[in-house]
Amino acid sequence: MEAEPGRFLSRRPAPAGATVDLATWLDDFARQPEHRGALVHRATLPARAARYGALSVPLQGPLTEALESRGIERLYTHQVQAIESLRGGLDTVVVTGTASGKSLCYHLPVLEHLLEERDATALYLFPTKALAQDQLKGLTRLTLGHPSLLSAVTAGVYDGDTQAATRRTLRDEANVILSNPDMLHQGILPSHPKWARFLSRLRFVVVDEMHAYRGIFGSHVANVLRRLDRLVAHYQGRCRFVLCSATIRNPAELARGLIGRPVTVIDDDGAPRGERQFVFWNPPLADESRIERRSSNVEGARLLAELIARGAQAIAFTKSRVAAELVYRYAREMLSRVEPGLDERVRPYRGGYLPEERRRIERALFSGELRGVISTNALELGIDVGGLDAAILIGAPPTLASAWQQAGRAGRQGKAALAVHPDYFFGRSPEAAVIDPANPYILAQQLGCAAYELPLTAGDAAAFGPQTQEILAALEAEGEARTIDGKSYWASTEFPAARVNLRTISDNTYTIMDAAKGNAVIGTVDAISALELVYPEAIYLHEGETYFVRSLDLEQKTALVEPRQVDYYTQPVLDMGIRVMRELEQRPWRDETVMLGQVMSSWQTVAMKKIRFGSRDSIGYHPLALPRLSLDTTGFWLAPGEVAWAAMARDGRRRFEALSGVRNLFLTMLSMLSMCDPSDLGGVLDSSNLGRPALFVFDRYPGGLGFSEQGYARIEELAAASLEHLEECPCQIGCPSCVGLPLLRPAQQQDPDLAHARAVPNKEAARRLLRHWLARSA
């Protein structure tokens with residue numbers, strides 16, 4: 001039985017404007033009998049004072065006055081270094097912590113240049129639309145600080161949400177465009193003659209949140225930036241790049257890979273930081289049976305509500321949209337019992353809300369009107385939400401870099417902060433961000449786009465790599481390119497950019513409409529998630545309210561919902577599988593046979609469960625008839641033979657534990673060998689294809705991108721790297737750094753709280769299997 005939401009919430013709200021001592025509160029809270037044993041680890045990162053620098057040539061008067069109007073009298077060391085580097089014409093990457101003032105590292109050089117060269121232009125690129133809107137607000141606030149800046153800058157967001165008339169105005173008149181790589185790829189570069197004015201005068205290209213460009217997405221974006229650079233040169237423009245990133249292991253390598261040029265790294269972070277308390281809070285056992293722990297959603301909501309009741313401003317991060325809605329609903333209920341109106345000062349924030357709804361929440365959080373927000377990773381990137389006192393991470397983020405990004409949302413502006421999170425990442429370096437712009441599958445798509453924009457010549461190999469001519473020959477053999485007098489032209493009637501998706505998710509979107517309000521649109525959801533979220537008779541959660549799904553129109557891509565008060569929410573039941581469509585090759589390896597071929601990964605929402613609010617109790621089950629979704633791709637597989645299993649049986653090890661651990665290791669190590677991101681790969685265990693347990697690894701991209709082919713060809717190297725990685729990990733029984741944290745396709749719209757935290761596979765079982773394969777003694 002789960003604890004009732006709000007049952008343990010103290011009813012002693014802090015006076016308005018009171019300063020909350022988070023460390024003292026946490027000690028008192030953890031000592032309460034109902035929370036005994038929950039606080040299992042605690043660490044303190046000390047405060048850090050600001051370090052300032054001075055420019056060799058001071059900023060012009062309008063810029064100095066604009067900064068002073070924002071309360072900025074001096075620049076941090078990294079800001080000074082970045083400005084000097086860009087003044088010197090150097091391509092620059094700035095790598096500093098969250099809320100360190102990275103945006104001024106590019107705003108100030110751009111504005112300084114626009115004051116001197118009035119017809120110059122700048123392009124700002126962000127991985128999300130929300131970030132572009134947020135940075136436009138920041139730029140606007142800065143230009144409002146002086147009339148000269150206001151007259152010198154014409155800026156606007158150019159993305160898929162921009163009206164057609166506004167697009168034309170921006171294209172013809174703006175000197176600062178804020179956009180995203182997808183719009184640059186499909187909406188700007190293919191229409192470059194219309195952008196001749198802007199491109200010929202382009203002086204700065206800003207690539208913010210650089211760490212987001214990894215794996216398949218980053219590899220595509222690197223080629224899009226090369227296409228941009230090529231067109232700027234065509235129009236006799238000259239630009240320098242400035243890239244900004246949160247802390248990652250390899251910023252210089254990633255920046256060079258993205259823009260194809262040497263870079264100057266600025267990583268001397270001079271921004272101040274308040275003291276941070278990091279806590280690992282394990283939900284207490286639910287009852288005397290000591291079998292299950294209390295719901296992490298309810299526990300996270302309780303921590304959030306307690307902080308808000310004491311005057312703190314806090315954010316809670318969840319791993320899915322439904323979890324964000326549930327935590328909001330629970331926290332709101334708890335706060336309503338503390339003080340009238342306090343429940344109105346907390347809101348959820350996630351993808352699927354309408355843009356104007358998200359902007360409203362951002363403004364309320366930044367102004368302090370909201371005391372709390374519950375978000376998916378939608379607020380992980382650098383949207384300015386002001387100073388927060390605490391961040392609660394409900395469930396482990398997929399990477400250490402993500403964990404630090406989320407935790408860094410608290411303690412902005414130099415204040416003390418609390419972050420509730422597991423401790424295993426302390427002292428560990430964040431992950432490297434890996435891209436491979438020369439991947440032949442990606443490069444073939446991008447070269448087609450480049451040829452459409454301008455004919456390709458032998459000189460373009462300097463930007464796109466030595467494979468350029470070979471890939472162009474392949475495109476010509478397929479009738480998509482034609483070479484005349486050493487120039488390769490696009491020869492197909494198709495528009496190549498339209499068929500190249502930079503990201504691996506679906507572009508299709510379903511519209512969610514409220515029947516009670518004349519079919520007014522209240523939200524959106526991508527096509528894959530729609531079948532897990534708004535299937536008929538589902539309960540759709542929107543801002544904590546319950547909506548009954550009346551119908552889902554698969555052709556029109558609409559879901560019709562109506563408000564309905566119920567005491568439960570619904571969760572999809574997924575059937576996932578993999579099918580060998582065609583075996584292409586096989587090779588002997590040790591005592592096994594490894595196969596490569598075309599596979600179809602598929603999943604289907606086959607039923608729904610009704611879950612009572614505030615619990616994990618299923619109170620109903622209903623079968624569904626929805627289409628099966630599939631991904632046709634390339635994969636490799638092997639099924640351990642009897643010799644391997646006999647060796648495992650002698651040690652009393654379980655087959656599934658061993659194979660599951662090896663699967664997780666293979667996904668981690670293959671991403672390094674094939675230069676992709678782990679999320680670009682999938683891995684499953686299956687017995688239906690071969691009649692015995694088999695390990696499948698596949699590319700999470702239509703048709704495949706060659707990652708699995710690398711695994712197949714380098715299976716010995718892959719197994720050896722996996723064993724070395726496992727044995728170098730200091731843990732005893734297995735942890736997220738070795739055999740744990742499987743990067744499988746998650747059910748996009750499921751509540752992670754219901755998964756009961758899949759156990760980490762047994763480390764020794766995986767070790768025994770790998771050692772058997774590699775013929776190494778124990």
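In the predicted model, the charged end of Arg74 sits over the ring of Tyr52, at 3.8 Å from the ring centre.

Aromatic pairs number 13. One of them joins Tyr124 and Phe126, whose ring centres are 6.3 Å apart; the planes meet at 70°, so this pair is edge-to-face. Tyr124 and Phe126 are both buried. Elsewhere, Trp25, Phe29 and Trp281 are linked by ring pairs into a cluster.

Salt bridges total 37. Among them is the contact between Glu84 and Arg87, with 3.9 Å between the closest N and O atoms. Both residues belong to helix α3 (residues 77-87), where a spacing of 3 residues separates Glu84 and Arg87 by about one helical turn. Glu84 is partly exposed, at 27% relative accessible area, and Arg87 is likewise partly exposed, at 27%.

Arg261 pairs with Asp91 at a closest N and O distance of 3.1 Å. Arg261 lies in the loop between α11 (251-259) and β10 (264-266), and Asp91 in the loop between α3 and β4 (92-95), 170 residues apart. Asp91 is buried, with a relative accessibility of 10%. Arg503 and Asp182 form a salt bridge of 2.6 Å, N to O. Because Arg503 is in the loop between β18 (487-490) and β19 (509-514) while Asp182 is in helix α8 (residues 181-188), this pair ties together parts 321 residues apart in sequence. Arg503 is partly exposed at 23% relative accessibility, as is Asp182 at 23%.

Notes
Residues numbered from 1 in each chain as written. Predicted model: local features only at pLDDT ≥ 70, side-chain atom pairs only at ≥ 80, totals over all residues. Heavy atoms only, no water. Phe/Tyr/Trp six-rings, centres within 6.5 Å; stacked < 30°, edge-to-face > 60°. Buried < 20%, exposed > 50% of the residue type's maximum accessible area, 1.4 Å probe, protein only. Lys NZ or Arg CZ within 6 Å of the ring centre and 35° of its normal. Salt bridge = Lys/Arg side-chain N within 4 Å of Asp/Glu carboxyl O. Helix = DSSP H or I, 4+ residues; strand = E, 2+ residues; numbered from the N terminus.
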